[in-house]
Each structure stands twice: as C-alpha cells, then as structure tokens.
Amino acid sequence: MARSNHKCFLVAADGSERCLGAAKRFGQFFKDRGDCHWTILHCVQQHLMLYPGEIWDAETSLRVAKATQQKICQSITNRYREALLELGFEEDAIDTVCRLDSWDPGQEILKVAEERKIPSIAVGRRGLSPAENILIGSVSSRVVQYEQYRTVWIMDPEAPPTGHVLIAVESHPECRALTYYVNEWIGPTPGKRYTFLHILPPFPPALWDDGHILDEQERTARHSWKRHWEEEKRRQVDQFMDEAREVLRSHGIPDSAIECRILPMQKGVAWDLLAHMESGHYEAVVMGKRSLREKKPFLLGSHANKVLQHARKVHLCLVGRAC
C-alpha cells in the first residue's frame with residue numbers, strides 16, 4: 001500500500017505489446033526517483049473471452065470461469081510488474097488490481113482511481129484497437145473526457161528519452177497549476193529540462209482593419225496600438241513565467257534547465273503547439289486538461305482534445321483541476 005508521501009500512478013494495462021512498451025517508457029521517465037507508487041490495473045473484458053458464435057448461446061455461455069479470468073489478468077499484470085522491477089522500482093511500490101467481467105474498461109479505470117484515491121492515471125494511446133491512427137472513442141479518450149479532477153497521462157512507447165518537458169500555458173492561474181504539478185510530480189526526477197511555452201493570441205477585433213484603405217496617419221496609429229498591445233501581453237506572460245521559473249529554481253532545478261518561450265500564433269493554438277512538439281524532440285508535454293483556455297471544457301474541438309488526437313511520440317500529460 002502506498003504511503004501518503006508517495007506519488008501514486010494508476011497504470012491501465014490492456015494486454016497489448018504496444019501498451020506494455022508504453023508503460024516501460026513511462027516508467028523509465030520516472031525511474032530515478034524513489035517515491036513513486038504504481039497500481040497496475042487490468043480489466044478482463046467479457047466479450048474478449050468468447051469464441052465465435054458464443055454470444056448467441058445460452059446465458060451461461062457468457063460467463064467465463066472467474067479462475068480463468070484471474071489467471072489471464074495475473075499473467076498480464078505480472079509482465080508490467082516485472083518491467084517496473086527491471087527499472088529499479090521496489091517490490092512494495094507496485095500493486096496489481098484485476099477487474100473481472102468488465103464491459104467498460106474506461107469506467108473501471110475511473111472507479112479504481114476514485115476508490116484508491118490515486119491522483120494520476122496513465123493509459124496507452126490506442127490499446128487493442130487495430131486502427132492505430134484512431135483515438136476518438138477509445139478507452140484513453142473516454143478516460144480523459146470523463147475524469148474531471150485527476151491528471152491523465154497518455155503514454156507513448158515511442159516517446160524519445162530526451163528528458164525534455166514542454167509545459168504549454170496560457171493564463172497566470174493555469175501556469176501556477178501546471179508549475180505545481182511539474183514541481184511535485186516531475187521535478188524530483190533528476191536530469192530533466194523544462195520549456196515553458198506560451199502562444200500569443202491573435203490581435204483583438206478592435207485592432208483589425210476597418211474595411212477601408214487606411215491613410216498614412218491611420219496606419220501609423222494602428223501599428224502603434226498593435227505594438228503596445230503585444231508588448232503588454234508579453235509583459236504579462238513574462239511576469240507569470242518568471243514566477244514559474246523561480247518556483248522550479250527554489251526546489252533545486254538549475255536555471256540552465258529552464259527555458260521560457262513566447263511565440264506568435266500562426267495557424268491556431270493547438271496546431272502551433274503540435275508543430276512545436278514535433279520539432280522540439282520532447283519526451284513529455286504538460287498542459288491543462290480543460291484546454292488552454294480557462295473554463296473551456298474538454299470537448300471535441302477544444303485545444304486539449306485536438307492535441308490529444310494528434311500528438312505523437314510523446315507522453316502527453318493533461319493536468320486536472322485537482323492537481
């Protein structure tokens with residue numbers, strides 16, 4: 001059982017080789033710290049236990065012996081346990097949980113996290129789906145959508161072991177929440193580098209052209225307004241990024257391992273973030289679960305959901321409200 005000072009993760013194990021590889025890479029990301037506790041959960045899905053045609057048999061044919069389900073679950077969770085042990089985690093830092101006769105693994109994951117008060121959930125990107133490029137409707141997508149308070153990690157077996165963490169922020173309150181999570185959950189892991197990234201929003205409508213050809217005086221005034229608006233925005237962002245930098249420095253992270261970047265928006269917040277992720281060789285990306293805009297829900301079309309659907313070769317961390 002985890003002690004109160006442990007950082008506890010619930011790792012969903014679906015039995016696929018890809019998910020096992022993702023869990024190994026995810027464990028490697030945290031392997032040099034001793035306060036992690038891992039709960040490995042496997043849900044034995046009843047429909048996966050049926051032979052062709054059995055679904056039309058009598059009701060008793062739908063019930064697979066509990067002993068058989070338990071054996072399947074243990075064989076899967078033991079592989080994850082061995083993988084974490086090989087990375088150097090202690091035996092008593094790893095628990096395994098089996099949920100039998102599961103019809104909805106996503107809901108089972110949420111229930112176990114609630115029952116055990118585990119604040120961070122880690123799931124694979126696509127699980128057993130044969131369509132590797134499709135995430136909408138997957139277990140991981142549903143977990144992210146329906147878990148409002150906990151932080152959800154989307155593990156990826158191809159995340160490069162660079163130790164470089166990207167923290168995407170928009171507002172001051174969000175920056176504080178993400179900085180807190182990074183400081184408590186990632187910061188104690190040695191060898192990491194951090195980049196805070198803010199993408200400037202477009203100019204407000206008041207600074208747009210007015211539908212007519214501007215004369216020289218109007219153009220000069222318009223350029224001046226835009227310049228002052230951008231300078232003020234950058235000043236505000238610099239202020240809360242400097243605060244984030246100081247928090248990490250105060251906990252032993254060297255200043256040389258912290259970078260703050262402000263970029264103008266090109267195609268859109270989510271698309272610009274994805275482009276930056278692809279060019280930066282990041283191992284993990286941390287962002288607010290409720291998108292990059294305060295109080296905007298996690299829905300189809302939100303910034304966070306767009307990043308979730310399209311991010312590749314990176315551990316994606318979506319920080320919940322109760323981080």
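Which residues does Gly 106 touch, not counting residues up to four places away in sequence? Select Gly 106 and look around it: Val 139, Arg 142 and Val 143 are in contact with it, where contact means heavy atoms within 4.5 Å.

**Before going further**

This is a predicted model, in which local features need pLDDT of at least 70 and side-chain atom pairs count only at pLDDT 80 or more, while totals for chains, interfaces and linings use all residues. Residues are numbered from 1 along each chain as its sequence is written, and side-chain values use heavy atoms, with hydrogens and water left out.

**Stop 1: Gly 106**

Gly 106 is found in helix H3. Helices (H or I, at least four residues) and strands (E, at least two) are DSSP runs, numbered from the N terminus. Gly 106 has a relative accessible area of 3% and is buried. Buried means under 20% relative accessible area, exposed means over 50%, and partly exposed lies in between (1.4 Å probe, protein chains only).

**Stop 2: the whole chain**

Show the chain as a cartoon. It has eight helices and ten strands. Of its 323 residues, 48% count as buried. Among contacts in the chain with a separation of 6 or more, 78% are between residues 24 or more positions apart. The chain exposes about 16300 Å², of which carbon and sulfur atoms supply 52%; such areas come from the Shrake-Rupley method with a 1.4 Å probe, and for residues only the protein chains shown count as cover.

**Stop 3: the sheet**

Select the strands. An open sheet of ten strands runs in the order S3-S2-S1-S4-S5-S10-S9-S6-S7-S8, with mixed pairing. Two strands pair if DSSP finds at least two bridges between them. Strand S3 (94-102) and strand S8 (258-264) are at the edges with a single partner strand each, so one side of each has no neighbour in the sheet. On average, neighbouring strands of this sheet are turned by 20° against each other, direction ignored. For angles, axes are lines fitted to C-alpha atoms, for helices over the stretch in contact, and values run from 0 to 180 degrees between N-to-C directions.

Next select residues 120-124 and 151-155. These are strands S4 and S5, which run parallel and are joined by five bridges. Ile 121 stands opposite Val 152 in S5.

Two helices to show against the sheet:

- Helix H2 (residues 66-86) packs on the sheet and touches strand S2 (36-45) and S3, with its direction at about 150° to that of S3.
- Helix H4 (residues 139-146) also packs on the sheet, touching S4, S5 and strand S10 (315-319), and its direction makes about 160° with that of S5.

**Stop 4: strand S9 and its neighbours**

Is strand S9 (residues 284-288) enclosed or open? Five of its five residues are buried, so S9 is largely enclosed by the rest of the structure. Three bridges join S9 to strand S6 (residues 164-168), and the two run parallel. Here Ile 167 has Val 286 in S9 as its bridge partner. S9 also pairs with S10 in the parallel sense, over five bridges, and Val 285 is opposite Leu 316 in S10.

Move on to strand S7 (residues 193-200), where seven of the eight residues are buried. S7 pairs with S6 in the parallel sense over five bridges; the bridge partner of His 164 in S7 is Arg 193.

**Stop 5: the cores**

A nonpolar core is a set of buried Ala, Val, Leu, Ile, Met, Phe, Trp, Tyr and Cys residues joined through side-chain atoms within 4.5 Å. The largest one has 47 residues, and those with the most contacts inside it include Phe 9, Trp 153, Ile 167 and Val 286. A second, separate core has 35 residues, among them Leu 10, Ala 113, Val 152 and Val 285.

**Stop 6: two lysines**

Most residues other than glycine have a negative phi. Lys 117 is in the loop between helix H3 (105-115) and S4, and is exposed at a relative accessible area of 58%.

Finish at Lys 313, in the loop between helix H8 (303-310) and S10. Lys 313 also has a positive phi of about 55°, and at 49% relative accessibility counts as partly exposed.
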